[in-house]
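Welcome! Let us take a guided walk through a protein structure, one part at a time.

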Amino acid sequence: MENFRNTYLTTNMKNIIGSLDQRERTVYIWGAGFSGLVLCHYLKKAGWKVTIYEKENRAGGKIQTLKTPFGPSETGANAIFLNYDGLELLKDLKLEIISAAPKLKRKLFLDNKISSPFKLSLLLRVLPRLLSKPPRITEGLSVADFFKPLLGQRIVHDYLSTVLGGVYATGAENLHFKSIFPEVQNTIQFKSYWDFFKTLIRHKKAQPQPEIKGSASFEGGMSVLVDRLYELHKDDIRLSSHEEFYPKKNTFICTDAQTASVMVANYAPAIASELKLVTYQHLSSVTVFLKRQIRDLHQCFGVLIPRGNKFLSSGILNNKAIFPINNPNVYAYTFISHEKLTPEEILKEIQHLQDDMTQDDIEFIQNNYWDRAIPLYNVNRSLAINRLHELTQTNKIGLFGNYVAGISLREMISAAKNFAQNNKFQGV
Ligand SMILES: Cc1cc2nc3c(=O)[nH]c(=O)nc-3n(C[C@H](O)[C@H](O)[C@H](O)COP(=O)(O)OP(=O)(O)OC[C@H]3O[C@@H](n4cnc5c(N)ncnc54)[C@H](O)[C@@H]3O)c2cc1C
């Protein structure tokens, strides 16, 4: 097991791009979003001095809990899905977490109604094919290509793309297999799908497990996390910075890839053109406060919605059910959509769920829209990231952010922790 873990750690693609020069003790980070804050936190623990430049007048980037007259509204991450490193960090920050309410049902919108994702027909389709041989794992292989022989086109569309879309904001056709399953990257051909699933399970077991699992947030919402990191490191963070970007030794850019591309264009054009290849999905995250609850979402975590039906949303979260303490008096739902939703469209979305809902049932709508919400984990991103690892070897510039080593907060925590542990400051 230990060997397996070491092999995984030395070959995994989930690394921060760049290196540190021991001749200069200070690390300069551009961007105080979650990636910049967490990188700063671990580098300081590893003995480095850090200065962060942030252009806005607050730290946290996409993570912010807006306080509306009717309750909280998350602009970005609604929760952190705990892994070992994530929980360790939260303990280190002395943050008290609130776990998502247990036993909430997760639903899919299938055949024009909200239903359970577990169907006998699904099992009957998959079981006989588990011992069949999957496609070879090539550089261009998509997640859909890999799973289609096992699941068939319809199940890939209705189930797999919908579930992955809830994390990656795009379907299985656009997702690069090796990026989504980095733990199997050294295998070119699995004997069977069963063999593949066994590898995933073996990898999971080799990871240290957190004593608390599942989604977690904080009383007061996700701002609590970034506010705590800011509070700890505020002497090293320059908010509302108008400092012109200039790469000194040990410079890490922790913005989105497109912004990073513009920043480095004059200094490292080759890096700039690779960064341009990382593209983004725009998203709306709309919190709707209702006077009464949506009947079919009672005791539900939420519902994921396959593309190509009457909804403009790809998922709806039932905030009150998930974190009741943060939503004691309100029925609050978050609609995630690829569209920029108008108030009329939001009402229609609610009516698709329950047709007797009217404008009068809506207390308040908080509409948050991100032009570059989620980086697309497609083959172009993967090729660009590989080339960026090579290019930065001869350059002072390092890169981190949710397009580098995983979209989710827990992946960013693990990447920053590993990087700092492998690059401790050795000087005096
Ligand atoms: C709607 C939505 C829901 C999500 N839900 C979840 C979830 O439930 N769980 C989860 O784990 N993840 C979730 N995520 C993902 C997660 O929120 C993001 O991956 C993460 O917050 C991104 O952090 P970042 O530091 O990479 O980027 P950002 O948050 O974009 O931070 C970049 C920072 O750089 C700054 N900056 C930009 N240009 C400059 C410049 N020139 N100079 C200085 N500073 C600059 C910006 O102001 C910003 O502060 C969600 C994302 C979205 C959009």
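A word on reading the model: residues are numbered from 1 along each chain as its sequence is written. The model is predicted, and local features need pLDDT of at least 70, side-chain atom pairs count only at pLDDT 80 or more, while totals for chains, interfaces and linings use all residues.

Let us begin with the domains. The protein chain is divided into domain 1 (2-67 + 222-277 + 377-422), domain 2 (131-206) and domain 3 (281-375), with bounds that come from an automatic or database domain assignment. Taken over C-alpha atoms, the centres of domain 1 and domain 3 are separated by 32 Å. Their contact takes ten residues from domain 1 and five residues from domain 3; two residues are in contact if their C-beta atoms, placed from the backbone, lie within 7 Å.

Next come the cores. In soluble globular proteins, nonpolar side chains tend to be buried together. A residue is called buried if 20 or more other C-beta atoms lie within 10 Å of its own, exposed if 12 or fewer, and partly exposed in between, with C-beta atoms placed from the backbone. A nonpolar core is a set of buried Ala, Val, Leu, Ile, Met, Phe, Trp, Tyr and Cys residues joined through C-beta atoms within 7 Å. The largest one here has 63 residues, and Ile29 and Leu37 are among those with the most contacts inside it. A second, separate core of 44 residues includes Ala144, Val286, Ile294 and Ile322.

Now for a sheet. Helices (H or I, at least four residues) and strands (E, at least two) are DSSP runs, numbered from the N terminus, and two strands pair if DSSP finds at least two bridges between them. Three bridges join S6 to S9, and Ile98 has Ser217 in S9 as its bridge partner.

In H9 (residues 223-233), the buried residues include Leu225, Val226 and Leu229.

Finally, look at His203 in helix H8 (residues 193-206). His203 counts as partly exposed because it has 17 C-beta neighbours inside 10 Å.
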